[in-house]
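Dear colleague,

I am handing over the structure below. My notes on it follow.

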Amino acid sequence: MLTKLKFLLCSVIAATAFSMAQVPVQAAEIDPEGSVTMAWAGPMASLDPHVVPGLADQIYTFLMYDRLLNLDPSVTLQPMLAKSWAFVDDGRALVLQLRDDVVFQDGTPFNAEAVKINLERGKNLETSTVKTALQSIKSIDVVSDHEVRLNLVPGQGGNLPAMLASTAGAMISPKAIADGRDLRLDPRDAGSGAYMPVTVRPNDTVIFTRSPVKYWDTHAGHLKKFEVRFVTQAAARLNGIRAGQFDLAQILGSDMQAAKKLAEGGAFAAHEAQTSNVQSMLLRGDRENLKNVKLRQAIVHAIDRKAIALAVFGGNCQVTSQALVDTHWAYNKELDSLSNYDPEKAAALVKESGIASPTFDIVFSPGTSWEPQANIIQGMLAKVGINAKLVPMPQQDGLTAVRNGQSDSFVYVIVGTVDPSMMVDALFTGGYNLAPADAKAKIAVMADQAVNPKQTPEQRAAIYRDIFKLGAENAWYFPICASKVVWAHKKNISGVEDAWWYFASLPDFRGIAVNK
Amino acid sequence: MAVPILLLRRLLGAVPLLLVVSFVVFLLVGLTPGDPAARIAGENATPERIEMIRKSLNLEANLAVRYGDWLFAAAQGDFGRSLATSEPVVELIARRMPITFSLTAAALIVSVVLGMGGGIIAAIWRDSPIDRIVGALSSLGLALPSFWVAMILVVPLAINRTWFPALGYVSMADGVWPWLRSLTLPAIALALLPSAEMALQVRAALIETLEKDYILAARARGLSVISITLKHALKNAAIPVVTVLGFRIAQLLGGSVVIESVFALNGLGTLAITAALASDMPVLLGLTMVTTLAVVLVNFLVDASYLYFNPRGRRA
């Protein structure tokens, strides 16, 4: 009875949320012949949502594949192809109620069987990049045409709904899967989304047209043509929109200031979006040089994050104490005081550490914004008597060095994730392995509790707040500031401000339109 | 030795060069620290995925074995597939080649027109104000970085006035005029340095030639300086100029990397950057082969031109 009530409640909340979530562009104002050319800094390597080596691919796949669930700007779950979802049988399964008005672009109806085929593909495909996201699914039962039951590995799956909002939950036509064609480069009408790719040039251009079948979401798919171009230089993207060659362009770094000024002057419109991609310093607490917690705390208090945000990003980076947007359900307000800039306290902590001449290395990727950050940090640490050696390394090699425990620290960006479980895994229990073995074991227990479907959302939030507090108290992970991005667009383009997924810097633009 | 045999020998000499270049690139990429499989797998890849990539690339085999495998396939025209996008390397390069070659050719034409014109004018009116203006402009051309010139050109000519596109490439199939418009600004920016160098080279070579006895004799017979220069002196001054031109074509190919980025032209230059960042070895090797072949071909044409400009070379 309780389970049924829970399911009903969830469905009602989901339906209400859905009707509120989409901010529709006024239908009368939309030009049905409208087309948009967008300049984006991310390359496209694959249009197969289950084989996406880079995050940047998602901006392309979002346009052509709908997911089972979605995430709103506060990173809260919302329905998409699944109308509602609920954990049943004491957390042993997740049941999804599916929409009954969805058709894949090749005409195949969307149903529970399609969900089963897709999730099994994501789990079992040898080259799948979403295996980890779906690992909590033990088996899949088709309950009815539009109801599917995901049987879970005991104690796991609390984070599965969030995973189903990512590419792991993207729905490909079962017919296209059965065809066995290479969906990375030749997806054609395999999608379930608002747009279909007609020209695919990897790392160059993808041209989409409106879905050939009636699209279920009347608030999306307004464009006749949507061209996404990979343009590496921010200055070129800005020039493109100034010259009228682009309708929408992602502007980053030092060009953001110029873009905002031009927008103020009326040249075009600009939307400044806050992401939860956090410029960070990762400190390996198990390395000899950083074993001392007082020293790590001294490092944290010696760094003036505001100064870095201003000097390196021209102020276009929000100082933060955690890699979550401040509206996130697991955001912990307590953390701000644990990492405040206080050089006197830092100097005192160095003394308390008992280390005569503290020294450690900072790995960074040269030629990127991490280089000036590392330089500034080195100077700030020298003022409190800490000697930081700078070690330039290519990005991926730096990541590997820190992950394998071959370097003390790394200046890098922690990308916004769909669920805090991914961040905990990346920072503490896997990935970067920042916590020493004993603490790692403790965090692993907490993390396991947090993904248990028996936990209520409030309980999950409380556990993650505790984990992040532990990370901040022990100064393993030091967030500096969360990047902002400007999306410059022509004034007749609407819906840019209302797009979702800015938190991950991967806006879902399927709802934008050209106004008459 | 007959001219065709001489040229054939030059062409055959390119084969060991291609082998050496490909091996050096293979070696350098192989010696780069870090795990190429991890780099290709991306940031959030599982250890299993990294291991799978390592196996698929045969990274456990030693460098010589891997190079041998690549060479064997390449000799049959199979340059493999891009590790990042899975596209066949040959197709990838073939799609991008027209952009870079169009840009290089356009820049070369601009260089020859500006460089030859400036050099001839400066030599004919040696030590005049015109000569000094050409000298000053050449110095500027040598000093200004091409990417900076590119950005300066864009604002007045593509943004304030939409005479040219600010970025992007239009294929010739979409019209000759749009194609030319899309190449104009990048070609000017790319041609600045070679134009300046060529103007100075042409000037110096022409001045030396114009002081030769046979030129003085022609002038004594009443022929005009312009006529003598264009009909007689220019051909004799051509050898050092052609040599510089040969070097410059190779540098234009290299310079296109920067200019392609500024103008968002998705040619071989941007492909090289993306491939290098992704450690996409098959693409890097394919690109190296194409650019080496282009340079070999240019050197061959330069050699052939020597035989035209200096008939004594045919008997050597």
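**Chain B and its fold**

Read along the sequence, chain B runs α-α-α-α-α-α-α-α-α-α-α-α-α-α. That amounts to 14 helices and 0 strands. Please keep in mind that this is a predicted model. The C-alpha trace of chain B spans about 85 × 60 × 35 Å along its principal axes. Chain B has 316 residues, of which 38% count as buried. Taking contacts in chain B between residues at least 6 apart in sequence, 73% join residues at least 24 apart.

**Where chain B meets chain A**

The contact between the two chains takes 28 residues from chain A and 30 residues from chain B. On the side of chain B, the elements that give two or more residues are α3, α8 (146-160), α12 (238-262) and α13 (268-277). By residue class, the side of chain B that touches chain A divides into 15 nonpolar, 11 polar and 4 charged.

**Two enclosed helices of chain A**

Helix α6 of chain A covers residues 234-242, and because 9 of its 9 residues are buried, it is largely enclosed by the rest of the structure. The buried residues are A:Ala234, A:Ala235, A:Ala236, A:Arg237, A:Leu238, A:Asn239, A:Gly240, A:Ile241 and A:Arg242. What covers them includes β1 (35-40), β11 (248-251), α7 (255-264) and β17 (477-489) of chain A, and also α8 and α12 of chain B. Just after α6(A), A:Gly244 has a positive phi of about 80 degrees.

Helix α12 of chain A (residues 395-403) has 7 of its 9 residues buried, so this helix too is largely enclosed by the rest of the structure. Those buried are A:Gln395, A:Gln396, A:Asp397, A:Gly398, A:Leu399, A:Ala401 and A:Val402. Their cover includes β12 (269-283), β14 (359-364) and β16 (409-414) of chain A, together with α3 (36-41) of chain B. A:Gly405 follows α12(A) and has a positive phi, near 75 degrees.

**The largest nonpolar core**

Which residues of the largest nonpolar core touch the most other members? Out of 248 residues, they are A:Ile299, A:Ala488 and B:Val202. Helix α9 of chain B (residues 176-210) gives the most to this core, with 17 residues. From chain A, the core draws at least three residues from each of domain 1 (2-11 + 23-229 + 490-514) and domain 2 (275-483). In soluble globular proteins, nonpolar side chains tend to be buried together.

Leaving aside residues up to four places away in sequence, B:Val202 touches B:Gly115, B:Met116, B:Gly119, B:Ile120, B:Ala123, B:Ala237 and B:Val241.

**One partly exposed position**

A:Ala348 lies in helix α10 of chain A, residues 343-353. Is A:Ala348 buried or partly exposed? A:Ala348 counts as partly exposed because 15 C-beta neighbours lie inside 10 Å, and a buried residue would need 20 or more. A:Gly471 is 123 residues away from A:Ala348 along the chain, and the C-alpha atoms of the two are separated by 21 Å.

Regards

Note on methods: Residues are numbered from 1 along each chain as its sequence is written. Chains are lettered from A and ligands numbered from 1 in the order in which they are written. This is a predicted model: local features need pLDDT of at least 70, side-chain atom pairs count only at pLDDT 80 or more; totals for chains, interfaces and linings use all residues. Helices (H or I, at least four residues) and strands (E, at least two) are DSSP runs, numbered from the N terminus. A residue is buried if 20 or more other C-beta atoms lie within 10 Å of its own, exposed if 12 or fewer, and partly exposed in between; C-beta atoms are placed from the backbone. A nonpolar core is a set of buried Ala, Val, Leu, Ile, Met, Phe, Trp, Tyr and Cys residues joined through C-beta atoms within 7 Å. Domain bounds come from an automatic or database domain assignment. Two residues are in contact if their C-beta atoms, placed from the backbone, lie within 7 Å. Ala, Val, Leu, Ile, Met, Phe, Trp, Tyr, Cys and Pro count as nonpolar, Asp, Glu, Lys and Arg as charged, and the others, Gly among them, as polar.
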